[in-house]
Amino acid sequence: MLPPIADISFYRIAQQALTNARQHAPGAPVRLRLAYTDHAVELLAANGSARRAVAEAGHGGTGLVGMRERADLVGAEFAAGRVADGGWSVRLRLAVREADRERQGEAFTKEGKR
């Protein structure tokens, strides 16, 4: 279980990564993976290169800056950049604190899931 601010940060970064893929690589396949282990939560969003012409945006947005700021806010590692096939990837990793693991265990116990 992530703290609420980290939870919403992961959600918004995934949402922004998908928005960027739609805008900058129309028609490209996109993979979104969320992995949750005992020690970390990791988000990976990756898309291939554009399969259709990219529409003229007019001006640059703040997508990457906003994602990096959200990651910094919760102490997560953030990386974004081009990949070998001409696409783009966004990676977010947050170590899960012991207190958050204990809180998750308590939540499962209270809900009768253990």
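**Note on the strands, salt bridges and surface patch of a predicted model**

1. Strand 1 (residues 30–36) and strand 2 run antiparallel to each other and pair over 7 bridges. Helices (H or I, at least four residues) and strands (E, at least two) are DSSP runs, numbered from the N terminus; two strands pair if DSSP finds at least two bridges between them. A hairpin of 3 residues links strand 1 to strand 2. Within this pairing, Tyr36 has Val41 of strand 2 as its bridge partner.

2. The model is predicted, so local features need pLDDT of at least 70 and side-chain atom pairs count only at pLDDT 80 or more, whereas totals for chains, interfaces and linings use all residues. Residues are numbered from 1 along each chain as its sequence is written, and side-chain values use heavy atoms, with hydrogens and water left out.

3. Strand 2 (residues 40–47) also pairs with strand 4 (residues 88–95), again in the antiparallel sense, over 8 bridges. Here Ala46 stands opposite Ser89 of strand 4. Strand 2 is mostly covered, since 7 of its 8 residues are buried. Buried means under 20% relative accessible area, exposed means over 50%, and partly exposed lies in between (1.4 Å probe, protein chains only).

4. How many salt bridges does the model contain by the rule used here? The count comes to 3. A salt bridge is a side-chain nitrogen of Lys or Arg within 4 Å of a carboxyl oxygen of Asp or Glu.

5. Glu42 forms a salt bridge with Arg33 (2.8 Å, N to O). Glu42 is buried, with a relative accessible area of 17%, while Arg33 is partly exposed at 42%. Glu42 also forms a salt bridge with Arg91 (3.2 Å, N to O). Because Glu42 lies in strand 2 and Arg91 in strand 4, this pair ties together parts that are 49 residues apart in sequence.

6. Arg91 is partly exposed, with a relative accessible area of 28%. The side chain of Arg91 also meets that of Glu77 in a salt bridge (3.7 Å, N to O). Arg91 lies in strand 4 and Glu77 in strand 3 (residues 77–82), so the pair ties together parts that are 14 residues apart in sequence. Glu77 counts as partly exposed, at 42% relative accessibility. Through shared partners, the salt bridges join Arg33, Glu42, Glu77 and Arg91 into one network.

7. Asn20 is placed in helix 1 (residues 4–24). Is Asn20 buried or exposed? Asn20 counts as buried because its relative accessibility is 15%. The side chains of Asn20 and Gln16 are joined by a polar contact of 2.8 Å. Such a contact is a pair of N or O atoms within 3.5 Å; within protein, one must be able to donate a hydrogen and the other to accept it, and residues adjacent in sequence count only if both atoms are side-chain atoms. Leaving aside neighbours within four places in sequence, Asn20 is in contact (heavy atoms within 4.5 Å) with Ala25, Gly63, Leu64 and Met67.

8. On the surface, Ile5, Ile8, Tyr11 and Leu73 form a nonpolar patch with about 420 Å² of accessible area together. Patches are made of residues with over 30% relative accessible area and no salt bridge; like charges are joined within 9 Å, and nonpolar side chains (Val, Leu, Ile, Met, Phe, Trp, Tyr) within 5 Å. Accessible areas come from the Shrake-Rupley method with a 1.4 Å probe; for residues, only the protein chains shown count as cover. Helix 1 gives the most to the nonpolar patch, with 3 residues. Tyr11 has its place in helix 1.
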